[in-house]
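Here is a short report on one protein model. Look through the sequence and the structure before reading on.

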Amino acid sequence: MIFGRSERGKPPVEPVTLKILVAGGFGVGKTTLVGAVSEIRPLRTEELLTEAGRPVDDVSGVEAKNTTTVAMDFGRITLREDLVLYLFGTPGQERFWFMWDELSEGALGAVVLADTRRLEDCFAAIDYFERRAIPFLVGVNRFDGAARYPADDVRRALDLDDHVPLLMCDARDRESVKEVLVGVVQHAMAQAAQRRQTVGT
């Protein structure tokens with residue numbers, strides 16, 4: 001790029017920007033996922049866990065966790081020259097769920113992160129996106145030391161519809177996260193095309 005124009009003399013491409021939510025239970029890796037892939041310094045709204053929150057913050061399985069997201073995480077990734085994703089990580093604790101409606105406004109789709117040690121923690125996110133007809137993909141975050149299960153077993157345990165994609169991932173790994181994001185964009189586009197077809201018939 002030279003002076004705002006491409007080297008071939010073509011005007012710069014105005015990218016399409018899409019909003020993707022990253023949801024799931026407390027301590028499942030949402031902040032880590034956004035940070036692993038964001039090309040800007042992620043905006044984080046983390047606070048220290050306190051004694052006052054101990055009765056409501058279930059840290060079983062994530063005992064080393066000492067902070068929690070209280071509003072959102074925000075990051076950005078350019079998938080192609082003409083496609084930019086804005087990532088919004090939702091707070092995982094029930095007392096902050098009132099923010100989800102605001103964050104989901106205008107979202108193309110969502111990633112629901114799951115931890116096989118605490119699968120039940122992502123049921124609320126799955127229900128939320130199903131009820132609002134927001135296309136979503138489940139990313140099973142492979143934590144060190146957590147048991148590995150076949151994708152079909154996890155799918156059955158979550159009672160997912162056949163059309164909902166499920167991918168194994170590592171929220172710390174940029175390439176792994178990119179695969180998940182490409183997957184959710186493709187899934188959301190396919191759902192939108194299907195809806196248009198249904199309306200047109």
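## A negative patch

Asp127, Glu130, Asp159, Asp161 and Asp162 form a negative surface patch. Patch residues have over 30% relative accessible area and no salt bridge, and like charges are joined within 9 Å. A salt bridge is a side-chain nitrogen of Lys or Arg within 4 Å of a carboxyl oxygen of Asp or Glu. Asp and Glu count as negative.

Aspartate 127 sits in helix H3, residues 123-131. Helices are DSSP runs of H or I with at least four residues, strands are E runs of at least two, and both are numbered from the N terminus. Aspartate 127 counts as partly exposed because its relative accessibility is 37%. Buried means under 20% relative accessible area, exposed over 50%, and partly exposed in between, with a 1.4 Å probe and protein chains only.

## About the model

This is a predicted model: local features need pLDDT of at least 70, side-chain atom pairs count only at pLDDT 80 or more, and totals for chains, interfaces and linings use all residues. Residues are numbered from 1 along each chain as its sequence is written, and side-chain values use heavy atoms, without hydrogens and water.

## One side of H1

Helix H1 covers residues 30-37, and its Lys30, Thr31, Leu33, Val34 and Val37 are buried. They lie on the same side of H1, because their arc around the axis is only 165°. The arc is taken from the directions from the helix axis to the C-beta atoms.

Most residues other than glycine have a negative phi. Aspartate 159, from the patch, has a positive phi of about 55°. Its loop runs between helix H4 (151-158) and strand E7 (166-169). Aspartate 159 is exposed, at 63% relative accessibility.

Alanine 133 also has a positive phi of about 55°. Alanine 133 lies in the loop between H3 and strand E6 (136-141). At 56% relative accessibility, alanine 133 is exposed.

Key:
Patches are made of residues with over 30% relative accessible area and no salt bridge: like charges are joined within 9 Å, nonpolar side chains (Val, Leu, Ile, Met, Phe, Trp, Tyr) within 5 Å. Accessible areas come from the Shrake-Rupley method with a 1.4 Å probe; for residues, only the protein chains shown count as cover. The place of a charge is taken as NZ of Lys, CZ of Arg, CG of Asp or CD of Glu.
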